Amino acid sequence: MKKMSALLLVLTLLCLIATGNCAAAPTNTQPPEPFDFAAPALLTGTVYETGSDHKKVLFKFQRTATRSGSTVHAERKFTLPDGTIAATESITYDSGQLVACDMKELQAALWGKIQITGTPKNPSRQKIIISHGTAADTKKAGTSDDLDKDTLIDDTIYPFIMAHWDDLTHGTSVKFRLVAVEWEKTFNFKMSKTGESTYQGMPVMILRMEPTNLLVAHFMNPLIFTVEKNAPHRVVEYVGRTSPRIKSGKTWKYLDADTVFDWK
């Protein structure tokens with residue numbers, strides 16, 4: 001009996017060394033909880049001209065969210081200082097996963113759509129359909145491609161940061177794909193910690209988000225996120241590309257600005 005017990009102990013130790021896990025060893029097999037896109041129910045912010053020291057207001061930002069069972073509907077809205085709506089985004093999530101996003105840039109008369117679907121032959125394999133056009137292109141089919149893991153839109157960047165908070169804190173770069181609606185494509189990006197600082201007296205972490213493709217990087221500056229170091233790690237400010245375009249002459253150009261969020 002003693003020999004059998006010793007043999008069992010040796011086998012158990014070998015199992016633990018070889019796999020890092022055995023049936024007798026306690027493990028956490030529960031999947032992470034899906035992000036609650038319904039919280040907060042209201043988030044507001046101000047979009048300032050970069051370099052204006054938060055003095056020149058370009059837009060006001062508002063995000064509202066409501067839940068119905070497993071479905072969350074979020075609305076993101078950008079308004080001019082006089083209250084005129086400049087751009088809107090209507091986003092639907094189901095069970096913590098993106099289902100669809102409709103975008104309208106009312107000033108520039110542009111629209112964009114994102115839809116996530118299952119393929120007919122393999123429902124577990126997801127497809128992303130991206131469409132973009134002007135008012136005259138309302139029936140445009142867009143492009144369809146396989147949905148890669150960690151494909152993000154603006155509204156899902158924060159949940160991605162939270163899901164990879166430990167990696168970012170320890171200096172590990174995390175990679176993902178970002179939807180570029182106007183190109184009807186997704187592009188590779190990475191995010192990494194660049195340092196720590198203080199913001200209005202509280203410790204914060206500075207994150208840098210940038211395209212990994214040199215050609216894309218030529219047309220898009222890195223985005224800089226200022227995030228609370230302590231829980232709940234809210235994004236208090238970010239500098240870089242934002243949704244509404246700004247008019248330059250007769251054309252509407254991309255806007256890099258300074259967005260400050262008003263957490264209540």
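Biologist: By class, how many nonpolar, polar and charged residues does the lining of the second largest pocket have?

Modeller: Happy to start there, and please keep in mind that this is a predicted model. The second largest pocket has a volume of about 770 Å³, and 25 residues line it. Sorted by class, that lining has 16 nonpolar, 5 polar and 4 charged residues.

Biologist: Which element gives the most to the lining of the second largest pocket?

Modeller: Phe37, Gly96, Gln97, Asp150 and Leu152 are the lining residues that lie nearest the pocket's centre. The elements that give two or more residues to this lining are strand 5 (97-105), strand 9 (151-152) and helix 2. With 4 residues, the one that gives the most is helix 2.

Biologist: Are the rings of Phe35 and Tyr158 stacked or edge-to-face?

Modeller: The structure holds 9 aromatic pairs, so let's look at one of them. The ring centres of Phe35 and Tyr158 are 6.0 Å apart and the planes stand at 80°. Planes over 60 degrees apart count this way, so the pair of Phe35 and Tyr158 is edge-to-face.

Biologist: How many residues apart in sequence are the parts that Phe35 and Tyr158 tie together?

Modeller: Phe35 sits in the loop between helix 1 (2-19) and strand 1 (42-49), and Tyr158 belongs to helix 2 (residues 157-163). Both residues are partly exposed, Phe35 with a relative accessible area of 30% and Tyr158 with 22%. Because of where the two residues lie, their pair ties together parts whose separation in sequence is 123 residues.

Biologist: Is Phe78 buried or exposed?

Modeller: Phe78 forms a tilted aromatic pair with Phe61, 5.1 Å centre to centre and with 50° between the planes. Phe61 lies in strand 2 (residues 57-68) and Phe78 in strand 3 (residues 71-79), so this pair ties together parts 17 residues apart in sequence. Phe61 has 5% relative accessibility and counts as buried. For Phe78 the relative accessibility is 3%, and under 20% a residue counts as buried.

Terms used
Residues are numbered from 1 along each chain as its sequence is written. This is a predicted model: local features need pLDDT of at least 70, side-chain atom pairs count only at pLDDT 80 or more; totals for chains, interfaces and linings use all residues. Side-chain values use heavy atoms; hydrogens and water are left out. Rings of Phe, Tyr and Trp (its six-membered ring) pair if their centres lie within 6.5 Å; planes under 30 degrees apart count as stacked, over 60 as edge-to-face and the rest as tilted. Buried means under 20% relative accessible area, exposed over 50%, partly exposed in between (1.4 Å probe, protein chains only). On a 1 Å grid over the protein atoms alone, a cavity is a set of points where a 1.4 Å probe fits but cannot get out, and a pocket is an open set with protein on both sides within 12 Å along at least five of seven lines; lining residues have an atom within 4 Å of a point. Grid points are joined across faces, edges and corners, and a volume is the space filled by probe spheres set on the points. Ala, Val, Leu, Ile, Met, Phe, Trp, Tyr, Cys and Pro count as nonpolar, Asp, Glu, Lys and Arg as charged, and the others, Gly among them, as polar.
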